[in-house]
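User: I am new to this structure and would like to go through it step by step. Please answer my questions one at a time.

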Number of protein chains: 2
Amino acid sequence: MTNIRDLAREAEVSVTTVSRVLNDHPYVAEDKRRAVRDAITKLGYIRNQTAVQLSTGQTKTIGVMLPYVDHPYHAAILHGIAQCAFEEGYRFLTWQTNYIASHEQTVLQALAQREVDGLIIVSHSLSVDEILRYEQYGPIVFCEHHEDVSSVYINHYTAFQSGLKTLQSFGHTQIGICLGRPDSTNSRARKQAYQDTVAPADTAWIYQQALTIEDGADIARQWSNQSCRPSALLTASDHVAAGIILELRKQGYRIPEDLAVIGFDGSDLAVVLNLTTVAVPYETIGRQAFSIAISDNWRDHPQIEIPTALLSGLTAVEVKE
Amino acid sequence: MTNIRDLAREAEVSVTTVSRVLNDHPYVAEDKRRAVRDAITKLGYIRNQTAVQLSTGQTKTIGVMLPYVDHPYHAAILHGIAQCAFEEGYRFLTWQTNYIASHEQTVLQALAQREVDGLIIVSHSLSVDEILRYEQYGPIVFCEHHEDVSSVYINHYTAFQSGLKTLQSFGHTQIGICLGRPDSTNSRARKQAYQDTVAPADTAWIYQQALTIEDGADIARQWSNQSCRPSALLTASDHVAAGIILELRKQGYRIPEDLAVIGFDGSDLAVVLNLTTVAVPYETIGRQAFSIAISDNWRDHPQIEIPTALLSGLTAVEVKE
DNA sequence: GCTTGCCGTGAAACGCGTTCCATACATTAC
DNA sequence: GTAATGTATGGAACGCGTTTCACGGCAAGC
């Protein structure tokens with residue numbers, strides 16, 4: 001493997017001059033520049049990126065911590081990150097943590113070990129304090145709202161509230177909700193929105209641990225066995241909504257007549273099922289998170305709230321008396 | 001930032017000994033080992049991974065080239081890669097190319113520049129020959145079948161044939177197909193299967209450029225305007241199938257009575273729509289591709305064929321006369 | 001008693017590009 | 001005419017961990 005010292009010898013210049021040519025620095029005479037270029041071609045030189053990284057102390061790489069790369073919304077955030085990274089000449093390393101604390105530690109360790117210049121945390125199970133201990137090593141941007149932390153987020157409180165108010169405006173008073181991981185920041189905000197908007201909350205109408213299509217089907221069965229049921233359900237994700245709808249249709253119920261359902265995400269599933277859903281611009285979240293991660297004002301802990309929009313479908317329509 | 005020389009000074013040993021302790025090398029006396037460990041704690045030393053990479057010439061990183069990170073099947077492959085990478089102590093860099101040649105070049109360049117130890121090519125637009133020119137710099141594994149190339153793939157010919165034969169076994173003789181990118185390896189194999197199985201092929205029943213839900217809806221409109229229509233359709237993906245089914249239902253057609261539809265992928269959409277589909281174990285593809293990329297027999301160009309399975313749903317059932 | 005071989009340790013070279021600092025000449029400014 | 005700038009170039013240090021080689025000590029083998 002030829003290196004810049006070989007080039008210098010071949011072109012009869014110093015390594016400094018070679019480096020200057022490589023980096024398009026001015027202050028190199030045209031003939032020497034050409035000599036170096038010729039040497040590069042002749043020897044088939046290719047820059048060793050690792051050496052550049054060691055020398056400059058920059059990896060031009062951002063790390064991404066997320067639980068699952070193949071979940072639609074996380075993939076959408078990743079898509080935004082990928083676009084932005086390419087535009088800026090950055091790469092990104094993805095770590096799939098499955099919400100396992102030790103895996104998340106590995107990611108933080110990577111920041112400390114200077115494998116990446118910064119970190120985007122899409123979702124996590126470690127405490128924010130624990131994560132922030134690593135902020136001394138570089139920018140850490142969350143895709144969730146936390147106080148005094150760089151973050152790009154949607155306001156789950158208002159987003160959930162808009163879903164609930166939509167159901168209310170359609171005449172529903174018996175409204176239930178589905179939540180994902182019970183103790184996540186998002187779930188807490190959503191629960192609060194529920195308690196503030198549809199008070200007093202009946203805990204039997206809060207369905208926990210709703211994450212997948214299967215969870216949705218479970219909830220549907222739970223619902224159909226209840227003596228006192230809600231007439232409308234705001235779910236935690238389109239997947240859950242899909243599971244509910246499919247299971248209930250299988251059981252002969254009609255949507256939205258027997259149960260109005262609103263999803264969350266604005267995914268492909270929503271299109272297919274003509275689902276009313278709270279659309280979240282995940283791609284934008286990814287893009288914004290990336291730009292904070294590479295900006296130099298990340299120490300100011302910028303916070304960017306991304307608005308959501310209610311997407312009308314047929315699974316929640318006005319109740320006809 | 002403290003480095004191993006600082007540690008050596010603090011622990012009053014040589015840098016070699018420090019390095020040995022760091023790498024759990026034997027041949028270090030217990031007291032010196034402890035002295036180094038103490039120094040590490042005292043000075044808060046953290047290994048600089050970039051320096052390790054430069055020194056060892058290994059990045060312990062695999063690059064992944066794919067067109068879109070947020071397409072379900074690519075994300076599923078990524079999921080497999082992510083799992084395997086974590087287990088093996090590797091990281092992976094993802095490049096989203098959008099099938100743009102210059103972007104794909106960037107990825108190949110990264111291999112040459114030793115940013116990654118190897119490359120997994122999920123899908124590409126550059127020619128195989130062009131890509132293989134970079135094999136001198138490290139392993140390149142394809143997730144598609146090509147001769148004399150390391151690859152993990154599903155046999156699109158037999159997979160498509162199984163779909164076509166299923167339709168035939170249900171009594172269909174008027175069978176059409178949807179293809180994705182016209183000149184991709186996959187499309188060619190699929191077309192061949194079609195021509196061999198449902199001969200003679202009517203080109204009016206080959207719908208090209210079928211990639212998204214919207215494309216599916218377009219095809220549905222095309223189909224409904226044809227005077228001579230197929231009674232069954234084998235699509236290129238569940239997305240396309242979903243688009244077709246939704247558009248036709250909107251127009252008042254019944255599935256599968258008016259048109260039997262089989263999807264491809266075995267995605268969430270298939271579950272939701274109760275779609276008959278050719279299920280592909282994408283995760284397995286990712287895992288296998290990864291293990292080839294880090295194995296040392298990649299120069300033998302191992303080829304691994306992954307089997308597919310037909311998943312029965314309600315969108316293609318026996319034709320009742 | 002002498003050779004082999006294992007254990008333990010360190011100096012120095014290596015991988016490779018970047019950059020600080022010094023030097024030298026050519027302009028431009030006052 | 002002299003001082004201040006700008007252009008061009010190179011030597012050497014730097015970032016930092018790994019690894020080769022050499023060497024001293026000690027125990028087992030014959």
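User: How many bridges join strand E6 of chain B to strand E8 of chain B, and do these strands run parallel or antiparallel?

Analyst: This is a predicted model, in which local features need pLDDT of at least 70, side-chain atom pairs count only at pLDDT 80 or more, and totals for chains, interfaces and linings use all residues. Residues are numbered from 1 along each chain as its sequence is written, chains are lettered from A and ligands numbered from 1 in written order, and side-chain values use heavy atoms, without hydrogens and water. Strands are DSSP runs (E, at least two residues), as helices are runs of H or I with at least four, numbered from the N terminus, and two strands pair if DSSP finds at least two bridges between them. Between E6 (residues 175-178) and E8 (residues 232-234) of chain B, where B:Gly176 has B:Leu233 as its bridge partner, the count is three bridges, and the strands run parallel.

User: Which strands of chain B stand at the edges of the sheet?

Analyst: The open sheet has six strands with mixed pairing, in the order E7-E6-E8-E9-E10-E12 of chain B. Each edge strand has a single partner strand, so one side of each is left without a neighbour in the sheet; these are E7 (206-207) and E12 (309-311) of chain B.

User: Which residue has a polar side-chain atom 2.5 Å from a phosphate oxygen of DNA strand D?

Analyst: Around DNA strand D there are 25 residues (near means a heavy atom within 4 Å), and A:Thr17 and B:Tyr45 are among the closest. A polar backbone atom of A:Ala29 is 2.5 Å from a phosphate oxygen, while the residue with a polar side-chain atom at 2.5 Å is A:Thr17.

User: What volume does the largest cavity have?

Analyst: A cavity is a set of points, on a 1 Å grid over the protein atoms alone, where a 1.4 Å probe fits but cannot get out; points are joined across faces, edges and corners, and the volume is the space filled by probe spheres set on them. There are three cavities of 30 Å³ or more. The largest is lined by 15 residues (having an atom within 4 Å of a point), with A:Gln53 and B:Gln53 among those nearest its centre. Its volume is about 140 Å³.

Terms used:
Polar contact = N/O pair within 3.5 Å; in protein donor to acceptor, adjacent residues only side chain to side chain. 1 Å grid on protein atoms, 1.4 Å probe; cavity = no way out; pocket = protein on both sides within 12 Å on 5 of 7 lines; lining within 4 Å.
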